[in-house]
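Biologist: Walk me through this model, please. I want to learn how to read its helices and cores.

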Amino acid sequence: MNALEFTTDLLVQTGQYTLDTYPNRYVQITPDEPNFWFGNRVIFRTVLDDAKAHLDHFHADLPEARHICISWDIPGLDRAQIAAMFDGTGLTVEEADVLTLTGPLRRSTAPAGVTIRPFQTPSDWHQSEAIAKVHHIEDGLPEAGLDTYLAGHSATRRALIAQGLGQWFGAFKGDTVVGDMGVFHDQRLIRYQSVQTHKDHRRQGICAALLCACLDWATSRAPEALPVIVANADSDAGRLYRRAGFALAETTISAYRPTE
């Protein structure tokens, strides 16, 4: 694929998906996570004539999907063009910033009383899922199916970690998870995943410290790999990454509608 986002998306889902290639699109299916929209989608290699042409492909390629998720493997695609095309369809058209680190990371230490370590117990994962559920609901996602989706995502991540492909770090106060972040890699790319902080512990430097721990772990195993993060430009996470030394490499566009 051309876009760093989609290349690293597949990296962090190694062994969990199928990918069929056609002249104008890729069809990604993650059988064990049918509620994972961005694991069950059509990634177009070109922009078709209209929204209907894209949607017809999606419904034919994923006939059992209760959501819609479409992306374009065209870095720098004009969001306004896609938004106009999909106006009136009920889909959200979203632009993502793909950030890379090509120089030194601006380092941060954990705040007093916070310890950073890899996840070790089922409780660590369950607490992470609880934090993520709050974040998703705050972002306006439907609560229906969230618990199943988050549990499936944790299972996928644990399987990849068991294969030595990544690690998940938590920020702990005692045994309580107050923030967490994942990182996966091969020898060419490092991809961060799902930075989050408990709502009672935000703006304390926890995410910045997690960023350092994840990078130290990954670069000790893949010192020449390029670190990649995907974030929205106007999000707290996006601003954090830029302060840490990440810079915009490309943008990508996706259009989606959640499960009804």
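Biologist: Which residues of helix α2 (residues 51-61) are buried?

Modeller: Some ground rules come before that. This is a predicted model, where local features need pLDDT of at least 70, side-chain atom pairs count only at pLDDT 80 or more, and totals for chains, interfaces and linings use all residues. Residues are numbered from 1 along each chain as its sequence is written, and side-chain values use heavy atoms, with hydrogens and water left out. Helices (H or I, at least four residues) and strands (E, at least two) are DSSP runs, numbered from the N terminus. Buried means under 20% relative accessible area, exposed over 50%, and partly exposed in between (1.4 Å probe, protein chains only). In α2, the buried residues are A51, H54, L55, F58 and D61. They cover an arc of only 135° around the axis, which puts them on the same side of α2. The arc is taken over the directions from the helix axis to the C-beta atoms.

Biologist: What covers the buried residues of α2, and which exposed residues does the face turned away carry?

Modeller: Contact means heavy atoms within 4.5 Å. The cover includes β2 (25-29), β3 (41-44), β4 (68-72) and α3 (79-85). The face turned away carries the exposed K52 and A60.

Biologist: How is the span of helix α4 checked?

Modeller: The expected span is 1.5 Å times one less than the number of residues. The 17 residues of α4 (residues 122-138) should span 24 Å, and the end C-alpha atoms are 25 Å apart, which agrees. Just after α4, G140 takes a positive phi of about 90°.

Biologist: Which residues of α4 are buried, and what do they pack against?

Modeller: The buried residues are D124, W125, S128, E129, I131, A132, H135 and H136. They fall within an arc of 170° seen down the axis of α4, so they line one face of the helix. They pack against β6 (115-118), α5 (146-162), β7, β8 and β9.

Biologist: How many residues has the largest nonpolar core?

Modeller: A nonpolar core is a set of buried Ala, Val, Leu, Ile, Met, Phe, Trp, Tyr and Cys residues joined through side-chain atoms within 4.5 Å. The largest has 30 residues, and L105, Y192, L211, I229, Y241 and F246 have the most contacts inside it. Its largest share, 11 residues, comes from α6. L211 touches L105, M181, Y192, I229, Y241, A244 and F246, not counting residues up to four places away in sequence. A second, separate core of 19 residues includes V27, V42, L62 and M85.
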